[in-house]
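Have a look at the model first.

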Amino acid sequence: MSHRPRSGLAAVSTALLAMSRRLEVHDVLKTIVVSARELLDAEYAALGVPDDHGGFAQFVVDGVSDEQWKAIGPLPRQHGILAAMLHEEKAERLADVRKDPRFEGWPTAHPEMSDFLGLPVRDGDETIAALFLANKRCPKEEGRCGFTEEDEELLSILAQHAAIALTNARLYERSRELTIAEERSRLAHELHDAVSQKLFSLRLTAQAAAALVDRDPDRAKGELQQVAALAAEAADELRAAVVELRPAALDEDGLVNTLRTQIQVLDRAHSARVTFDTCGMRALPAAQEEALLRVAQEALHNALRHSGGDRVDVTLARRGQGALLGITDNGTGFEPRAVRRAGRHLGLVSMRDRASGVGGRLRVISAPGQGTTIEMEVPGG
């Protein structure tokens with residue numbers, strides 16, 4: 001076997017692995033374009049996803065600087081060679097795209113291109129994108145395209161897997177949108193069942209207090225104390241709902257940014273000071289990141305509702321290939337064994353289950369009058 005096919009197969013394998021690791025549609029598109037340009041050693045690569053109005057919903061390029069891209073102007077329309085790739089099933093290899101009768105020119109700032117290879121990206125009978133390469137980096141004979149039949153075969157393999165990766169990314173995004181919609185519905189029901197009923201009671205009690213102010217001040221005072229109590233309960237219910245929000249953006253924003261955002265919300269919502277510090281973190285397997293986030297949410301919920309402290313510090317640091325999460329409060333603390341004997345778990349069973357479920361471990365450090373620290377360590381991947 002010659003050296004070139006082995007190199008080509010290795011490059012295809014690298015490209016396919018890169019595509020399989022992406023979930024967001026834009027990331028998948030960019031990975032396809034970069035992989036195609038590197039695989040075939042071309043100067044330029046582009047991939048267009050058509051819309052329903054004769055244009056492109058997305059058009060991703062590689063080999064063109066940001067300044068050049070801005071100078072080129074609006075996204076291209078579906079015409080000329082671009083349209084051919086979207087409406088024909090076969091690949092196109094041209095020695096000079098500018099001499100093709102379908103060529104309709106390009107903007108002034110557009111880079112000069114000559115030899116060209118393009119083909120549709122198809123999902124069954126549907127063309128979901130078109131992939132273009134230009135200016136093969138190799139010596140070219142007069143009137144012959146720099147791209148070869150072997151290049152076309154390699155790009156065809158890449159396009160087939162690109163269709164799978166792009167379809168999966170679209171399904172993932174639709175699933176994520178459904179998850180967000182379901183989460184909004186869940187939160188709406190939770191707020192209605194808990195907070196809104198508390199607020200309704202608060203309103204009636206306030207009206208009663210107002211009616212009693214002049215004729216029975218003592219009873220009015222009692223009603224106002226009830227208003228304060230109901231308001232505190234409503235605030236607690238709302239904070240609990242915030243803590244329980246599902247991490248819909250965890251895959252997009254990552255563990256560190258998701259945790260930081262939620263802690264900032266809690267810091268604003270509570271009188272206690274809530275801080276976050278992180279160091280040296282790297283991406284972890286998705287299941288471990290979600291488990292860490294869930295444990296952090298549960299521990300924060302306990303600290304803010306039950307500890308009685310005025311400060312909660314959250315730390316997340318790299319530990320070998322994994323990570324160590326810590327949540328420490330300066331509250332009243334407790335005796336963990338006494339809590340277990342009394343049948344009160346404070347979510348500890350759930351947190352331990354989450355930790356062990358991803359190969360990690362949970363440690364609870366607490367004593368009466370000495371605050372509480374929850375530590376969770378995961379091994380990484």
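Strand β7 (residues 311–319) and strand β8 (residues 322–329) are joined antiparallel by eight bridges, with Val314 standing opposite Ile327 in β8. Strands here are DSSP E runs of at least two residues, helices are H or I runs of at least four, and both are numbered from the N terminus. Two strands count as paired if DSSP finds at least two bridges between them.

A word on the source: this is a predicted model, where local features need pLDDT of at least 70 and side-chain atom pairs count only at pLDDT 80 or more, while totals for chains, interfaces and linings use all residues. Residues are numbered from 1 along each chain as its sequence is written, and side-chain values use heavy atoms, leaving out hydrogens and water.

β7 also has a parallel partner: seven bridges join β6 to β7, and Val274 stands opposite Val312 in β7.

Zoom out and you get an open sheet of five strands with mixed pairing, in the order β6-β7-β8-β10-β9. Its edge strands, β6 (273–279) and β9 (361–366), each pair on one side only.

Angles run from 0 to 180 degrees between N-to-C directions of lines fitted to C-alpha atoms, for helices over the stretch in contact.

| Helix | Lies across | Angle |
|---|---|---|
| α8 (residues 286–306) | β6, β7, β8, β9 and β10 (372–378) | about 5 degrees to β8 |
| α10 (residues 348–357) | β9 and β10 | about 145 degrees to β9 |

Definitions and conventions:
Contact means heavy atoms within 4.5 Å.
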